[in-house]
Amino acid sequence: MTDTIELGRISTQVRRDVLRMVTSAGSGHPGGSLSIADVMTCLYFGVMEHNPATWTRDAKGQDAFILSAGHLAPVYYSVLARAGYFPVSELS
């Protein structure tokens, strides 16, 4: 498990990512993403068992997270990028 200082650092960066994505797009609702940034960070960096290198869509042998609230996509993309599922540069 990642320590609380590191989780806070990641969560802060996730919030920055969210604001950059929404601002760059000129559209979106950052409030929900900003509100759940700590929860998503804790899930992906402290609770869930997952590995971006071996992940498949069936998530066999790993924890899976399903997001059903489309307005929270910016935070989800940021956390996935920060967790290593794709390059952070792709967020722009």
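Predicted model: local features only at pLDDT ≥ 70, side-chain atom pairs only at ≥ 80, totals over all residues.
- The largest nonpolar core holds 16 residues, and the members that touch the most others are Val14, Met40, Tyr44, Phe45, Val75, Tyr76 and Val79.
- Two or more residues of this core come from each of helix H1 (4-25), H3 and H4, and H1 gives the most, with 5 residues.
- Val75, one of the core residues named above, touches Val14, Val18, Ser33, Ile36, Ala37 and Met40 when residues up to four places away in sequence are not counted.

**Salt bridges**

- The model has a count of 4 salt bridges, among them the one in which the side chains of Asp38 and Arg15 meet at 3.1 Å, N to O.
- Because Asp38 lies in helix H3 and Arg15 in helix H1, this pair ties together parts that are 23 residues apart in sequence.
- Both partners are partly exposed, Asp38 with a relative accessible area of 39% and Arg15 at 26% relative accessibility.
- Arg20 forms a salt bridge with Asp17, where the closest N and O atoms are 3.7 Å apart, and both residues lie in helix H1, 3 residues apart, which is about one turn of the helix.
- Asp17 counts as buried because its relative accessibility is 5%, a value under the 20% limit for buried residues.
- Asp17 also forms a salt bridge with Arg82, the closest N and O atoms being 2.9 Å apart, and since Asp17 lies in helix H1 and Arg82 in helix H4, the pair ties together parts that are 65 residues apart in sequence.
- Arg82 is partly exposed, with a relative accessible area of 29%, and salt bridges that share partners join Asp17, Arg20 and Arg82 into one network.

**Aromatic pairs**

- The count of aromatic pairs comes to 4, and one of them joins Tyr44 and Phe65, whose ring centres are 6.3 Å apart and whose planes stand at 75°, so the pair is edge-to-face.
- Tyr44 lies in helix H3 and Phe65 in the loop between H3 and H4, so this pair ties together parts that are 21 residues apart in sequence.
- Tyr44 is buried, with a relative accessible area of 7%, whereas Phe65 counts as partly exposed at 24% relative accessibility.
- The rings of Trp55 and Tyr85 likewise form an edge-to-face pair, because their centres are 6.3 Å apart and their planes stand at 85°.
- Since Trp55 lies in the loop between H3 and H4 and Tyr85 in the segment after H4, that pair ties together parts that are 30 residues apart in sequence.
- Trp55 is partly exposed, with a relative accessible area of 37%, and Tyr85 also counts as partly exposed, at 23% relative accessibility.
- Ring pairs link Tyr44, Phe65 and Tyr76 into a cluster, and two of these residues, Tyr44 and Tyr76, are among the core members that touch the most others.

- At 7% relative accessibility, Ala59 counts as buried.

Key:
Residues numbered from 1 in each chain as written. Heavy atoms only, no water. Buried < 20%, exposed > 50% of the residue type's maximum accessible area, 1.4 Å probe, protein only. Phe/Tyr/Trp six-rings, centres within 6.5 Å; stacked < 30°, edge-to-face > 60°. Helix = DSSP H or I, 4+ residues; strand = E, 2+ residues; numbered from the N terminus. Core = buried A, V, L, I, M, F, W, Y, C linked by side-chain atoms within 4.5 Å. Contact = heavy atoms within 4.5 Å.
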